[in-house]
Structure formats: structure tokens, C-alpha cells
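User: I've got a structure here and a few things I'd like to ask about it. Can you walk me through them?

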Amino acid sequence: MGKAEDSGVEERPQWDNKVQYLLTCIGFAVGIGNVWRFPYLCQIYGGGAFLIPYLIALVFEGLPLLYLELAIGQRFRMGSIGVWNSISPLLGGVGIASMLVSLLVCMFYNTLLAWVLWYLFHSFQNPLPWSQCPLNDNLTGYNTECVKSTPANYFWYRETLNITPDIETSGSLHWWLVICLASAWCVVYVCFIKGIESMGKVVYVTAIFPYLVLTIFLIRALTLPGATVGLVYLFTPDWEILKNPQVWLDAATQIFFSLSVAFGGLIAFSSYNPERNNCEMDAILVGVINSATSLYGAIPIFSILGFKANTAYNSCVKENILALTNHFEFSDQNITAENYDHWLEYLNRTSPGEVAGVDLRLCDLQTFLDQSASGTGLAFIVFSEAVVSMPGAQIWAILFFTMLFSLGLSSMFGNLEGVLAPIKDLKLVPTWIPDGLVAAVICLIAFLMALIFTMGSGNYWVEIFNSYVGSVPLLIVAFFEIIAVIYIYGMKNFSEDIYFMTGKKPNIFWKACWMVISPLMLLVVLITYVVVQAQKHPTYPTWNPAYELFPKTELKPYPDWVFAIIILLSVIPVLPIPLVALYQLICCRMKKSSAHTDLSPSCNDGFEVETQQQTNQRA
Amino acid sequence: MLGQIFVLLCLSSAWAQQLCMPEASDGYKVRLSINTALGDQAYVWNENEMFLFRATLAFAMRSYSGGQDYNVSNIVVCAETPRVSFWFVVTAPLNSSRLIDRSDVEEAVRKSRNRINSAFLLTDRSLEFIGIPPILTAPVTPDTPQWLIVFGVVMGAVGAGIVVLLVTSVVEKKRKKNKKSGDEDIEEEPREKTEGNGFARDGVYNMSFSDDDPVTQM
């Protein structure tokens, strides 16, 4: 590990080489959301047409913000709080806000990893536990909840989460989830023991492994029957959708959250760079690779979803064939999947009454394709169901969940770094306490706080954190970041810093984006997002076996105390911004009104009096 | 005499046929899906196969009832369809006008279900007795859930990693300390110089401590 050249004062750790730095940034940006959020958005927003707002948002909003953060971190060589304090003490709150958001996101993000670990541990079983229903208590049939929904749904909601019917019933701590959460935190801690020295080595694996797995999945998925159906469905552009403003909003928010800006993690990572480093190239590289990964990941995901829809359609048709064959007592295998339509038509003509009497399911491939999901629903229910039908199911399940785990782990590094770097820079802990211990304490605190998510109602809380913590506060922080750098620090100063670091001044495109386009876009996105969220009646889907339309999820409104918590979660991270500004103003004013002392340590009164006398003499 | 016996036989078979009819209270419907189950190696369902069925069912009744003399003639079959489905009833060995109870037949079939299935190279799903649910095989649950084993392996590796890293960092620190205290006496003087000249951002560089001019010039 390279310590800074001067051994006396600065002991800031450094990256071993540029590749480590780039891989860490890419790993932070490329997270689970690239795999389970982007394909869903692509699908519901008209396939190929969604790429247009997505790419526009990337170029005009994502890349400028990314470049800004990387440049700032590299220039000031401190974590998020230190950077904003250096620009102006009034802005310290922005850094604290980043830190708080990073801490809250750490908590729930690692719970997702705990769930991935749970599924990973179970992928070694043959047959896969989510492929069949367990028997009920008196061994006469299958468990009713499982039969009404599907085995995958049952495994996720009952055996993994043991979910309660609503958020108010908390249930108890589930020991199996607690130990999975503990192991997730232990893995994160092991990578952080020596700071970026250990993390930088792990990141070679965690950043590259997902691409390997995605490629393997791509090759396998394209050979599955029904893959082309899924791909066509995904990418068929529906140009009409571009007229819907919701699409543009979702594209902008997706790019923003996908690049993981405003967490403070990117600033911390680039602060470990040597001073002269081409951060413009880095920013473009990270941004483009992030979007490319989203696209690249969408292809196997949707091939496999197409395969799943195809399998479901085939089994639906087979069921109908069996029902018809049994009813009409035809010879077995007379009606096959190929001549099914022909037979149905014939039977409808000859004996329509009887056909109506047979309980035929409506088998439509489109309906099966439309059964998409995003987030945990995609990974743990839909995808795991699809994997069961693939030959060699265990291997695919193991590969998939290991990929999800390493995607999430590399993002966790950035989140945790966004918490640890400011603590170190603010010198909140005495220097004799080693960094590893600070990391351990933070991991322990986050683990204990995350135990809420291992209770029966845990999944509902994760959804709340996911929707409200990682959204509005980040947008506000990013907006303040860009205003702070461009208007408070000054575009001129910033351009000179960039000239010093990269050897060339930022061109007109970057200047235009930073000064006008990006802040404007951020403001518009922020306001529209808040307005849209406020208009939506806050309800949440619950898994309630007693619901009459079960297995459909029942929509329940949030109770008042939960709503209050939601407001708190959105507001508290942002509160430091005005509070610190006010505090600094009051403090500064008080200091200014007292003695006129210079803050330089080597200055004494004699020096200052002399200067004044000299100026008086000259005058 | 011969004629009377003939008439009696006809009557008895007709009577037997009357006993067996679709939706008979003591009968069961059987459905075979030979083509679906065996594909290319499917056999054709004919009189011989039916005879085999009746014989296996008679065997099942024999094993269940503890040796009572059930014969092929006691298994009456009717309503055969090209699906290959038919109804059957079982008559008592001694009194061919009495039908064996539904529940007894069900128990007998359940007990020898495996033998019946294997006689036809079929399974519970391809040889269905409508009304007699197949025996559900509970999934095998080993004593230690398998996932705990994998968890133990992973946690063991992680724990070992933590311990190794902590120990190596402590050992390195101790080595550095020893090296430092050893070299301190030798390196004291030049170190002071470098510290003075070093890049200090926190303080202000004070010219009077500079070593540039050891001899002050007049």
C-alpha cells in the first residue's frame, strides 16, 4: 500500500493503481438496482423507446454530477464533510447530510444482501426448496397457502420472511434472518478491516465477477426456448410512451440513483487519488460503464423471463389439453400443443355446450410476459421460479445469487466509505483508535439497527427505507452540491483546479451543464418527484393469507405513526444543511464581534501591529 | 341342463355387468395416460392389458384381505373408452352379486399401489384411480438443515479471515514499533531536518526555523 510521500503529516491512504480505483467506483455505481430495476423500467416504459430519456438523462445529468464529485474529492483530498467545509464552513451540513443518508442506506441495503445470502445458502439443496410445496400438518395434502399462491411465493413470504399481514404487527425477530444479516455484516467488515487496502483487493473480484456471470447467463439464456420472445417484448419500442412525463421523471431518477452520487462515497474514493489524475476520463468511463451494464444485464434477465413465460404458457396449454382429453375421453396425446387450437375450434363447432362445461384456462403468452416484477419480487420470486425450470437448476441459482451478492457488496463498500471517511476527516475519534476498530463499531451499530428488518414486518420497513431515504434527501444534497461548487466556490476556481489536475480546462459542454442544465434538471426532477409522491395516497402491498383475493397483495394505507416516521426519514438527513449554516453564521458573527484576531497559529499581536504601522507609514 | 347352465351364466354375466356401471357407488374410475408417460415406448392397450389389470387388482384384493380367493372374474370392468379409462367394481369371491365396499377397495389399492403401477410401467400420475388420492411423498428433511451447513462453512471462512487479518496487522505494528525504536537514535537528526522542510499544510511555514543558511550572513 502506498503511503503519501511525506511521512510527517499526511498519512492519507492511496490506491495501489488506477485500475483499483476505477473498479471500486464502477462497483459502487453498478449495484443490484442495475439488474433488477432497469429491466423492469425498460419493459413498462416501452422497451427500446425508454433508452432515449435514459441516455439524455445520463449525458446531461448523470455525467456532469459524477465528474463534479470526482473532481471535488480529488482536489480537496478529503471525505464529503471535509470537502464542503473547505469550500465554505456554511456548507458543512451538506457533508453531514450525505453521511446520514449513507448510514441509513447501509442499514437496509445490507438486509437485501442478507436475503441474497439466505437464498444462496439454500441453492445448494436438491431439489431447490422453492420448487415444491411442503405438506400440510396432517400430511393429507399440500400447504394451503402454498397451493393458492406458488411455491416460490410461499418460500419467499413464509419461509424466508415469515411476513406478518401488515406493518403494525411486528412479529418477533427471526433467528435465521439475524444470522444471515450477521454474516453479511461480517463479510463487509472483513473487506474493510484495513480500509481501502483490503477493500481495493476484494474489489477486483466483486466488480468483475458479476460481468462473468452475466455473460454466462447471456449465453445460456439465449439458447433457451422462448428467449427471443422475451427479448422482443423487452426491446420493442413504443414511441407513444415518450409523451408521458412520468417516463422522463423515472429515467432521470433511475440514472441519478444508479450512479450513486451524493452519497459521499465517490468523493471519498477520489480523495485517495494522486493529485494529478484525469478525472474527466474517469467520470465518463464510470458513467458509461454503469449504463452499459444495465443494458447488458437486461438482456439475459429478459431472455430468462421470456423463457419463463413460455414455460408457463406451455403448461397452461397442457392443462387445457388434459382437461379436454379427460372430458371427451379422446385417446391420450391425440390433442397436442401444436394442434390444440385446431381441435378447440373443431370442438367449439361440434359441441359448444360441453366445451363450456370444461374448466379451460385462458392461455395468453402476453399475459404471462406482462407478469413482470422489479426489485425483490424479480430476484426472489420470478427469477428463482424461472431457474427451477432450467436444467442444472442449482448451478444457475448459485451463480445468480453469488452475482447479486457481489454486486451488492461492491455497492456496500461505497456506502460504508461514505460514513467512515467523514468520521476520519472530522477527527471525531482520537487518533490512537485504529481505523479497523472504527469500522467494526460502525458495522456493529448498523447491524443492531438493522435488526428491525429481521422481524416479521421487516420487508415493509425495507420498502419504506428504499422509497423514502434513498430518494428525496439525495436529490436535495446533489442540488446543493452543484450549487456549492459552481456558485459558491466559483466556476473560475473550479476550472483552474481541473486544469491543475487534468491538464486542460473543462470545455463548454461541461460548463453549460454545470451552470445551467444539471441544476435545472435536478430542480425539476426534485419538485416533480415530491409532487408525485405527495399526490399518491401512501399505501403499501401486504401479503395477507386471510385476504379474500389472496394471492393478490392487499393494499393497505400506512398508519399515522408510520407516516410520521416516513416524514422524519425524509427530513432528518436534510436538516443538517440549514442547521449547520445557521450555526456557522451565529458562531462567525459572535467571533467577528469579539477580538480581531487572525486565525493563523504562528501570528502574534506584534506581527499584526507592525504591519498596520507599516501601512500607516507608507500612507 | 346344458341350456339352463348357459342361461345362468349369461344372466350372471349380465348381472355382473349391471353391477358395474359408470358412477357406481362402489366402483372406481381408472384413467391411464400411457402415451404421455412412455412416449415412444408406449404399448397398445388391448384385451391382454385389461386382463393384466384385472389380475393385478385381484392380487391387490388378495393381499389386503389376507388370502381370500379373489379371482380375475371378481373384477368387473365396464365403460371402456379410447382415452383408456374405464370403471370397475369388485365382487366378493364367494357371492358374485355382492360388491365389496368402496373403502375396502380403496385401502386395497392404496396398499398395493406401487405394485399396480409398476405392472404397467406407470406412475401415480399416469395411472389414476379417480377418488383415490396418490400417496404424497413428504420431501426428505435431514436432521441438520442443509443451509446451516453452507452457512457454517461461509462463516467459518469469514471468521478465519477476520482473525488472520487482525493478527497480521497487530504483528506488523509490533514489528514497526521495534524497527522504529531501533532506528530512532540513528535517524533522529536528519529526521528533524525533513520534518522542518516537510510539506506542512496545517501550520504556517515559519522562515526563522529554516536550515537553508546555517551561517547567518551579515
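Analyst: Here are some questions and answers on confidence, a listed site, a helix and the disulfides. This is a predicted model, where local features need pLDDT of at least 70, side-chain atom pairs count only at pLDDT 80 or more, and totals for chains, interfaces and linings use all residues. Residues are numbered from 1 along each chain as its sequence is written, chains are lettered from A and ligands numbered from 1 in the order in which they are written, and side-chain values use heavy atoms, with hydrogens and water left out.

User: What is the mean pLDDT of chain A?

Analyst: pLDDT is the predictor's confidence in each residue, from 0 to 100. Over residues 1-10 of chain A it stays under 50. In chain A, 94% of residues reach 70 or more, and the mean pLDDT is 86.

User: UniProt has a "binding site" including S258(A) and N290(A). Which residues does S258(A) touch, not counting those up to four places away in sequence?

Analyst: That listing comes from an unreviewed UniProt entry, and such annotations may be inferred rather than shown by experiment, with positions given in the numbering used here and feature names shortened. S258(A) is in helix α12 (residues 245-258) of chain A; helices are DSSP runs of H or I, at least four residues, numbered from the N terminus. At 7% relative accessibility S258(A) counts as buried, meaning under 20% relative accessible area, with exposed over 50% and partly exposed in between (1.4 Å probe, protein chains only). Taking contact as heavy atoms within 4.5 Å, S258(A) touches A29(A), N34(A) and N290(A).

User: Is the disulfide of C316(A) and C363(A) left-handed or right-handed?

Analyst: A disulfide here is a pair of cysteine sulfur atoms within 2.5 Å, and those of C316(A) and C363(A) are 1.8 Å apart. C316(A) lies in helix α14 and C363(A) in the loop between α16 (352-357) and α17 (365-370) of chain A, so the pair ties together parts 47 residues apart in sequence. The torsion about the S-S bond is about -90°, so this disulfide is left-handed.

User: How far apart are the sulfur atoms of C133(A) and C146(A)?

Analyst: Both C133(A) and C146(A) are buried. They form a disulfide, with a sulfur-to-sulfur distance of 1.9 Å.

How values were computed
Helices (H or I, at least four residues) and strands (E, at least two) are DSSP runs, numbered from the N terminus.
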